[in-house]
Amino acid sequence: MAKRSAGLLMFRRARGGPEVLLVHPGGPFWAKKDDGAWSIPKGLYQDDEDPLVAAKREFEEETGQRPAGVFIALGVFKQPGGKQVSAWAFEGEFDLASFKSNIFELEWPPKSGRLAEFPEADRAAWFPIEDALRKVTKGQVAILSSLTDRLGRSEDGLA
C-alpha cells in the first residue's frame, strides 16, 4: 500500500494576488536545493488517523504555529514516488519570525555512526503563486493549482 501524507496550505490575500506559505525541508539532502524543493507543511499519518487531524498536527510541528480557520479540501494528490497527499487550504497570517520546526536525528555523515540533529523544515517563506509553482516539488504543483482554481471560482475567493 502506498504511503499516505496529509498537509495544509496556508494562503493570504495580497495586492498582487494570493500568496502561499511554504517550508523548505531540513537536513543535508535539501541544504543546497531551492527551486523544486519547497513543500506545504505535511507528514505521514496512520490508517486509524483522520487525515485533517494529521495535517493540522504536521503544520504545527513544522512551523510552530497551531492552524485555525476554515479548512478547504483541495483533494488527494499522487506524488511521483507513489505517495498520496491529502491537502487542505486555509486563510491565515504567519509571522516568519515565529517559525520553529521540530527536530529529527539522522546518521551524518552516512556510515559514520554519528547522529546529527536537523530541523524537519529549516525555513518558511511567503510566495506569490507564480513563484511558488517554481519552488514546490514537482508533485505538489497540482496542490497549488487546486487552490488557485478554488480561489478563482467565487466572488469571495472561496468556492
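Reply: Happy to! Let's start with Glu93 and Arg12, whose side chains meet in a salt bridge with an N to O distance of 3.2 Å. Here a salt bridge means a side-chain nitrogen of Lys or Arg within 4 Å of a carboxyl oxygen of Asp or Glu. Glu93 sits in the loop between β5 and β6 (103-107) while Arg12 belongs to strand β1 (residues 4-14), so this pair ties together parts that lie 81 residues apart in sequence. As for the idea behind such pairs, side chains of opposite charge can pair when their charged atoms come close.

A word on the ground rules. This is a predicted model, in which local features need pLDDT of at least 70 and side-chain atom pairs count only at pLDDT 80 or more, while totals for chains, interfaces and linings use all residues. Residues are numbered from 1 along each chain as its sequence is written, and side-chain values use heavy atoms, with hydrogens and water left out. The helices (H or I, at least four residues) and strands (E, at least two) are DSSP runs numbered from the N terminus.

The structure holds 14 salt bridges. Another one joins the side chains of Arg123 and Asp34, at 3.8 Å from N to O. This pair also links distant parts of the chain, with Arg123 in strand β8 (residues 121-128) and Asp34 in the loop between β2 (17-25) and β3 (42-44), 89 residues apart. Both partners are partly exposed: Arg123 has a relative accessible area of 32%, and Asp34 has 29%. For the cut-offs, buried means under 20% relative accessible area, exposed over 50%, and partly exposed in between (1.4 Å probe, protein chains only).

Asp131 and Arg134 form a salt bridge too, with their closest N and O atoms 3.6 Å apart. They are three residues apart in helix α2 (residues 129-135), which means that about one helical turn separates them. Asp131 is partly exposed at 28%, as is Arg134 at 43%. Through shared partners, salt bridges join Asp34, Asp35, Asp122, Arg123, Asp131, Arg134 and Lys135 into one network.

Glu58 is in helix α1 (residues 51-63), and its relative accessible area of 7% makes it buried. Leaving out residues up to four places away in sequence, Glu58 touches Ala6, Lys42, Gly43, Leu44 and Glu120, where contact means heavy atoms within 4.5 Å.

The buried residues of α1 are Ala54, Ala55, Glu58, Phe59, Glu62 and Thr63. Seen down the helix axis, they fall within an arc of 140° (taken from the directions from the axis to the C-beta atoms), so they line one face of α1. Among the elements covering them are β1, β2, β3, β5 and β8. The geometry agrees as well: at 1.5 Å a residue, the 13 residues of α1 should span 18 Å, and its end C-alpha atoms are 18 Å apart. That expected span is 1.5 Å times one less than the number of residues.

Lastly, Gln79 is found in the loop between β4 (72-78) and β5 (84-91). Gln79 is buried at 11%, and apart from neighbours within four places in sequence, it is in contact with Val85, Thr137, Gly139 and Gln140.
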